[in-house]
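Some notes on one helix pair and on the pocket follow. Please read them beside the model.

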Amino acid sequence: MATLIVGLLVFPKVQQLDLTGPYEVFASIPGAELRLIWKDLEPIVSATGLVLAPDTEMAGCPQLDVLCVPGGVGVNALMEDAVVLDFLRRQSEGARFVTSVCTGALVLAAAGLLDGKRATTHWASHDFLARLGAVPEGARVVTDGRFISGGGVTAGIDMALTLAAELIGRPQAEAIQLNLEYAPAPPFAAGHPDTATPEVVAAVRAMSSASRQERERIVQRLEAARG
């Protein structure tokens, strides 16, 4: 079986579960070779303090079969980072699948890769998609050809299982799901703003208000550049 090269972008203030959730699924695919990619190989500190170790530099990265861009507050910087955006554009040309988790979709959109493509992202940033050229869809996982996006954080596991079914067939993807015992049964109905109480939604919006304001300014600049 040919090696499947899967590259996940890792960057300062990445949301670690956006990355490590799909990583577990991808690592369970027979023949998969996983790469954690950044500009250099210095340790990366995630948004919640977990230290991650890149193993592949962008400059020397081989052509990926699967490209995955996770999200997190660190995407704000990436959306205007020419080195990162150029890397994503180059890799997307030859990749079989281009994927994102959470606000990673905003980075793909900033690179122009989601123009006219259906996509999803974290609920608190969903409104930015259309402004960056994508076609927003409110599903947990959205597939548009070879582009697959997952919603907020935990949806990265769903996205990766969806892709696994495309790559190795549904029975093997289901076996991966069972091996991970991925059978969500959350203790609260607070996982989406449609089901959470107004007080909880307000609290979460308040927690992320500073990042949201910065992201708004970035999107305004990108909109202006797009004309």
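1. Helix 1 (residues 16–27) and helix 6 (residues 155–168) have axes that come within 7 Å and cross at roughly 25 degrees. Helices here are DSSP runs (H or I, at least four residues) numbered from the N terminus; axes are lines fitted to C-alpha atoms over the stretch in contact, with angles from 0 to 180 degrees between N-to-C directions. The model is predicted: local features need pLDDT of at least 70, side-chain atom pairs count only at pLDDT 80 or more, and totals for chains, interfaces and linings use all residues. Residues are numbered from 1 along each chain as its sequence is written, and side-chain values use heavy atoms, without hydrogens and water.

2. Contact (heavy atoms within 4.5 Å) joins Gly21, Pro22, Val25 and Phe26 of helix 1 to Gly156, Ile157, Met159, Ala160, Leu161, Leu163 and Ala164 of helix 6. Nine of these contact residues are nonpolar, two are polar and none is charged (nonpolar: Ala, Val, Leu, Ile, Met, Phe, Trp, Tyr, Cys and Pro; charged: Asp, Glu, Lys and Arg; polar: the others, Gly among them).

3. Helix 6 also belongs to the lining of the largest pocket, to which helix 6, helix 8 (198–207) and helix 9 (209–226) each supply at least two residues. Helix 8 gives the largest share, five residues.

4. By class, that lining of the largest pocket holds 21 nonpolar, 17 polar and five charged residues.
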